[in-house]
Amino acid sequence: MKAIVIFDIDGVIRDVGGSYRRAIADTVELFTKFYRPTVSDIDRLKSEGVWNNDWEASRELIYRYFESQGQHRDAINLDYGEIVAFFQSCYQGPDPDNWTGYICSEPLLCTPEYFQELTDHAIAWGFFSGAMRDEALYVLQGKLNLPNIPLIAMEDAPGKPDPTGLLAVLGQLEPPESPKPVIYVGDTVADMYTVTKAQQQDSTRTWVGVGVLPPHIQQTTESIASYTQTLKKAGATQVVNGVQQLTPEVIFRLISE
């Protein structure tokens with residue numbers, strides 16, 4: 001083993017612009033009965049680095065809308081369970097045992113061959129995601145057919161930017177007596193903050209944050225430049241347009257710098 005790469009999933013392995021983010025917009029619109037957040041509205045919230053959980057992000061956008069109308073959030077009667085239930089009915093579909101929702105149409109952003117290439121170059125890999133475990137496995141096993149997946153999901157650890165889950169994946173991938181350089185790949189400020197916090201807890205190794213531009217950002221040169229700067233300010237050493245640009249050659253360069 002020469003290096004370890006741990007991946008976020010949403011916006012890195014699959015395009016969630018028409019799924020998770022659409023479900024956020026649907027949920028906020030339903031509970032405000034008026035306001036539908038734009039892609040930019042959601043990006044601005046995510047750039048704060050603490051709204052990795054999309055259920056909580058939806059609730060926060062609802063609160064902020066009503067606050068903009070002069071109401072105080074303590075006086076706003078929101079049922080978090082109802083928010084979660086509606087969000088999931090959009091994302092998974094109305095039948096939790098037979099998914100027909102937005103998750104079914106998420107485009108993949110990489111191929112199984114990419115992970116085989118990492119393995120062939122003695123690069124270990126795993127996943128740390130804020131998605132629910134069954135939703136993460138839907139893409140990793142169901143679409144990419146990846147075997148023996150080291151995965152820490154929503155149910156397994158505190159949400160980002162807490163690095164507990166990242167360190168837990170690391171524990172599945174290497175013996176503690178031989179620390180290797182680690183790259184964490186994500187598309188949000190919270191992902192980059194997670195790398196910084198992991199480094200603070202474990203300074204025995206090299207840590208590198210790599211940012212990925214999610215597809216919805218890559219529409220204009222202005223949005224690309226702005227999002228790139230945001231990720232770098234949050235701690236990204238390098239920002240790529242797609243995860244498969246993070247080749248073994250690039251990985252070895254990053255960990256040697």
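1. The side chains of D43 and R21 are joined by a polar contact of 2.7 Å. A polar contact is a pair of N or O atoms within 3.5 Å; within protein, one must be able to donate a hydrogen and the other to accept it, and residues adjacent in sequence count only if both atoms are side-chain atoms. The model is predicted: local features need pLDDT of at least 70, side-chain atom pairs count only at pLDDT 80 or more, and totals for chains, interfaces and linings use all residues. Residues are numbered from 1 along each chain as its sequence is written, and side-chain values use heavy atoms, with hydrogens and water left out.

2. D43 lies in helix α2, residues 39-46 (helices are DSSP runs of H or I with at least four residues, strands are runs of E with at least two, numbered from the N terminus). D43 counts as buried because its relative accessibility is 13% (buried means under 20% relative accessible area, exposed over 50%, partly exposed in between, with a 1.4 Å probe and protein chains only). Not counting residues up to four places away in sequence, D43 touches R21, H216, I217 and Y227 (contact means heavy atoms within 4.5 Å).

3. K46 is also in helix α2. With a relative accessible area of 11%, K46 is buried. Its side chain makes a polar contact of 2.4 Å with that of D54. Neighbours within four places in sequence aside, K46 is in contact with residues including R21, W51 and V189.

4. Which residues of α2 are buried? They are D41, I42, D43, L45 and K46. The cover over the buried residues of α2 includes α1 (20-32), α3 (54-68), α8 and α9.

5. Helix α8 (residues 189-201) and helix α9 (residues 221-234) have axes that come within 8 Å and cross at roughly 20°. Therefore α8 is roughly parallel to α9 (angles under 35 degrees count as roughly parallel, over 145 as roughly antiparallel, 65 to 115 as roughly perpendicular and the rest as oblique). V189, M192, Y193 and T196 of α8 meet T230, L231 and A234 of α9. The residues of this contact divide into five nonpolar, two polar and no charged.

6. Some backbone details concern loops. The peptide bond from K160 to P161 is cis, with omega near 15°; P161 sits in the loop between β3 (151-152) and α7 (164-173). N145, in the loop between α6 (133-140) and β3, has a positive phi near 55°. N145 counts as exposed, at 64% relative accessibility.

Key: Axes are lines fitted to C-alpha atoms, for helices over the stretch in contact, and angles run from 0 to 180 degrees between N-to-C directions. Ala, Val, Leu, Ile, Met, Phe, Trp, Tyr, Cys and Pro count as nonpolar, Asp, Glu, Lys and Arg as charged, and the others, Gly among them, as polar.
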